[in-house]
Amino acid sequence: MADIAAIKDYLKKIQRTVNLDADFTFFGKRYVKKDKLDTLICCVLAKLPDEYKKKMTRSDAKRFSSMVSLNLLQGVLTKKFWLNSSVYEVDLSRANELITTFSSTVQRDINMIEAG
């Protein structure tokens with residue numbers, strides 16, 4: 001059984017980091033150090049069950065809305081800033097939207113995968 005509470009806690013930490021711990025803000029974009037976000041993303045992925053991660057790499061991953069939103073979220077959170085490669089450029093509104101979507105659908109999708 002997956003630790004959904006820990007996953008949601010790490011998602012809140014990601015949201016807090018993007019919202020409050022950004023190095024600088026410019027036109028709705030937050031610029032966050034790469035190391036901060038990479039660590040938190042890794043923690044979320046580590047808490048996901050192995051079956052879930054296996055399905056993410058397959059072509060049927062589009063069946064599960066949490067997998068789609070997680071892949072999109074990773075893309076939004078890890079967009080490199082063209083001026084400095086050790087900083088990520090994060091679209092704040094899109095990141096918050098995807099975190100909310102993933103958080104609300106991950107429990108259902110994990111239950112469906114575990115049920116078989």
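A residue is called buried when its relative accessible area is under 20%, exposed when that area is over 50%, and partly exposed in between, as computed with a 1.4 Å probe on protein chains only. By this definition Val87 counts as buried, because its relative accessibility is 7%. The model is a predicted one, in which local features need pLDDT of at least 70 and side-chain atom pairs count only at pLDDT 80 or more, whereas totals for chains, interfaces and linings use all residues. Residues are numbered from 1 along each chain as its sequence is written, and side-chain values use heavy atoms, with hydrogens and water left out.

Helices (H or I, at least four residues) and strands (E, at least two) are DSSP runs numbered from the N terminus. An open sheet is formed by 4 strands in the order β1-β2-β4-β3, with antiparallel pairing, where two strands pair if DSSP finds at least two bridges between them. Because β1 (24–26) and β3 (80–81) stand at the edges, each with a single partner strand, one side of each is left without a neighbour in the sheet. The antiparallel pairing of β1 with β2 extends over 3 bridges, and Phe24 stands opposite Tyr31 in β2. In the loop between β1 and β2 lies Phe27, which is exposed, with a relative accessible area of 73%, and whose phi is near 50°, a positive value in a residue other than glycine.

Strand β2 (residues 29–33) contains Arg30, which is buried yet has no salt bridge, the nearest side chain of opposite charge, that of Asp91, being 8.6 Å away. A salt bridge here requires a side-chain nitrogen of Lys or Arg within 4 Å of a carboxyl oxygen of Asp or Glu; Lys and Arg count as positive and Asp and Glu as negative, while His and the chain ends are not counted. With residues within four places in sequence left aside, the contacts (heavy atoms within 4.5 Å) of Arg30 include Phe24, Thr25, Tyr88 and Val90. Val87, in strand β4, touches residues including Tyr31, Val32 and Phe81, not counting those up to four places away in sequence.

Helix α4 (residues 65–77) has 13 residues and reaches 18 Å from its first C-alpha to its last, close to the 18 Å expected at 1.5 Å a residue, the expected span being 1.5 Å times one less than the number of residues. Among the buried residues of α4 are Met67, Leu70 and Leu73, and the buried residues of this helix pack against α1 (4–20), α2 (34–47), α3 (50–57), β4 (84–91) and α5 (92–115).
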